[in-house]
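Work through the exercises below with the model open. Try each task before you read its solution.

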Amino acid sequence: MTQVHGNAATNATAPGERTGLGRLIGAGLILVSLVLLALGAFLGPYRYATSTPGKLTVQTCTVDYKYRSSTSSSSRKRTKTRWCYGTFTAADGSAKDLNAELKSDALYPRGHVIEARKSGDTSYQQDHGWVGAIAVGCAWWFAALVPLAIGLFFTATGFAFGGPSDVHRAGQAASQGLLRTIYVLTATGVIGFVISMLVMFFA
């Protein structure tokens, strides 16, 4: 009788341990979402507002090809990045760099002038205006909603990938209001991210 009682007690503590692990995972996902929100603010509006506007006069443009093996097959995927090199001159005359380089959306001929911004000692990017900067920030912000939604579910229910029984228990623990909030956050995040990427592409 004592042995049976001990096994029952051991089994009874397992769901509680999984619940604690699920809440820990949820807290981590919420932290990830906060980091993504901060990155969006930094890489979008903040970096644009603190960068130096100017123009880059193209000397030459090249294409950088990189190959990577596909995990699903033996084929190799090729990615290409366009780079333009030339002289960057700040609009207010505060900076001039004869060896500036930036990622470009096209291969421009020698002498072409690109609207650019300097965001570091040797860091340059094309100037897509405030619309492009806000779109960058929004892409990160909307992406943050997905781990936030999952993190809220894990934290509230203690779900920890414990199999069918854990799924059933988490489903019972989740209220309709929580599920509705998670669906709205996830849908908003995915749709907003796609729209932000389209704006970035066409800006």
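## Exercise 1: Alanine 139

Alanine 139 sits in helix α2. Helices (H or I, at least four residues) and strands (E, at least two) are DSSP runs, numbered from the N terminus. The model is predicted: local features need pLDDT of at least 70, side-chain atom pairs count only at pLDDT 80 or more, and totals for chains, interfaces and linings use all residues. Residues are numbered from 1 along each chain as its sequence is written, and side-chain values use heavy atoms, with hydrogens and water left out.

**Task.** Decide whether alanine 139 is buried or exposed, then find what it is in contact with.

**Solution.** 
Step 1. Buried means under 20% relative accessible area, exposed over 50%, and partly exposed in between (1.4 Å probe, protein chains only). Contact means heavy atoms within 4.5 Å.
Step 2. Read the value. Alanine 139 has a relative accessible area of 6%, so it is buried.
Step 3. Set aside neighbours within four places in sequence. Alanine 139 is then in contact with Phe193, Ser196, Met197 and Met200.
Step 4. Check one pair. Alanine 139 and methionine 197 are 58 residues apart along the chain, yet their C-alpha atoms are separated by 6.5 Å.

## Exercise 2: Two helices

**Task.** Compare the spans of α2 and α4 with the expected values, and say which residues of α4 are buried.

**Solution.** 
Step 1. Get the rule. The expected span of a helix is 1.5 Å times one less than its number of residues.
Step 2. Apply the rule to α2. Its 29 residues should span 42 Å, and the end C-alpha atoms are 43 Å apart, so the two agree.
Step 3. Look past the end of α2. Glycine 158 follows, with a positive phi near 75 degrees.
Step 4. Turn to α4. This helix has 27 residues and reaches 39 Å from first C-alpha to last, close to the expected 39 Å.
Step 5. List the buried residues of α4: Leu178, Ile182, Leu185, Gly189, Gly192 and Ser196. Their cover includes α2.
Step 6. Recall the helix rule. An α-helix has 3.6 residues a turn, so residues three or four places apart point the same way.
Step 7. Contrast leucine 198, also in α4. Its relative accessible area is 46%, so it is partly exposed. Its C-alpha atom is separated from that of alanine 139 by 9.8 Å.

## Exercise 3: Cysteine 84 and the core

**Task.** Which residues make up the largest nonpolar core, and what does cysteine 84 touch?

**Solution.** 
Step 1. Define the core. It is a set of buried Ala, Val, Leu, Ile, Met, Phe, Trp, Tyr and Cys residues joined through side-chain atoms within 4.5 Å.
Step 2. Name its 12 residues: Leu56, Val58, Cys61, Cys84, Phe88, Ala90, Ala95, Ala100, Leu102, Ile114, Ala116 and Tyr124.
Step 3. β1 (52-69), β2, β3 (96-103) and β4 (113-118) each supply at least two.
Step 4. Find the other core. A second, separate one of 10 residues includes Phe154, Ala170, Leu178 and Ile182.
Step 5. Zoom in on cysteine 84, in strand β2. Its relative accessibility is 0%, so it counts as buried.
Step 6. Skip residues up to four places away in sequence. Cysteine 84 touches several others, among them Val58, Thr60, Leu102, Ala106 and Ile114.
Step 7. Follow one partner. Alanine 106 lies in the loop between β3 and β4. Its relative accessible area is 25%, so it is partly exposed. Beyond its neighbours within four places in sequence, alanine 106 is in contact with Arg82 and Cys84.

## Exercise 4: The whole chain

**Task.** How many helices and strands does the protein chain have, and what pattern do they follow?

**Solution.** 
Step 1. Count. There are 4 helices and 5 strands.
Step 2. Read along the sequence. The pattern is α-β-β-β-β-β-α-α-α.
Step 3. Buried residues make up 28% of the 203 residues.
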